Amino acid sequence: MSKRIKDGCLTTRTDFERVIDQICVQSNDLQSWEALRDAELQRVRENHDEGARAIVASIKALRILAEQYATEHREELLPDKAKSATTALATYGFRLGMPALKTLSKKTWAKVLVALKADRAMTRFIRTKEEVDKAKLIAAATMPAAKPGSLSSAALSELGCRVAQEESFFIEPKDTATAHK
């Protein structure tokens, strides 16, 4: 490595290309290290997953038994409309989830929408979302000017927007198998 590269400045194309190549070599080395790490982590997971799965299955089965008993004996376990109780190691009970709207049997959301539209007072429960279709504006602005439906930069400017396309520097290492050939 030249003194200029060590000093943190690049003055020649050769130095620049050496730095690019060094980045790629180190990126490939990093991928190799990460692959080794991930393989080791996978081996650890596989060694311990069976025991964890057995515990999870046991917890699920015990939870089902406990829930069945609690449902059948709710008044005994939770007197006076209590929502929870405790044991030496746990608090248990019933919680209300977040309110959710569901359709009745043989009804669909499309049918609910039709019913809302039929009653003028109920239309306040219909949501209409208006927003700029940015993808269509970009498509119209980037098509050839002679094509119908195209938009010029001036037309976009009158609307209060412009198409911006930023450029960024990138380095993509080649595959390890081909990079060292």
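Reply: A residue is called buried under 20% relative accessible area, exposed over 50%, and partly exposed in between (1.4 Å probe, protein chains only). The model is predicted, with local features needing pLDDT of at least 70 and side-chain atom pairs counting only at pLDDT 80 or more, while totals for chains, interfaces and linings use all residues. Residues are numbered from 1 along each chain as its sequence is written, and side-chain values use heavy atoms, with hydrogens and water left out.

A salt bridge here is a side-chain nitrogen of Lys or Arg within 4 Å of a carboxyl oxygen of Asp or Glu, and a search of the whole structure finds six of them. Side chains of opposite charge can pair when their charged atoms come close. One of these salt bridges joins Lys-129 to Glu-131, at 3.9 Å from N to O; Glu-131 is exposed, because its relative accessible area is 61%, and Lys-129 also counts as exposed, at 66% relative accessibility. Another links Lys-136 with Asp-133, whose closest N and O atoms are 3.9 Å apart. In that pair Lys-136 is exposed, with a relative accessible area of 62%, whereas Asp-133, at 37%, is partly exposed.

The helix in your request is α2, which spans residues 13-72; helices (H or I, at least four residues) and strands (E, at least two) are DSSP runs, numbered from the N terminus. Within α2, Arg-18 and Asp-15 meet through their side chains in a salt bridge of 3.4 Å, N to O, and they are separated by about one helical turn because they lie three residues apart in the helix. Arg-18 counts as partly exposed at 43% relative accessibility, but Asp-15, at 1%, counts as buried.

Together with Leu-10 and Phe-169, Phe-16 makes a nonpolar surface patch of about 320 Å². Patches are made of residues with over 30% relative accessible area and no salt bridge, like charges being joined within 9 Å and nonpolar side chains (Val, Leu, Ile, Met, Phe, Trp, Tyr) within 5 Å; accessible areas come from the Shrake-Rupley method with a 1.4 Å probe, and for residues only the protein chains shown count as cover.

Finally, α2 bends by about 40° at Asp-49, where the bend is the angle between axes fitted to the seven residues ending there and the seven starting there.
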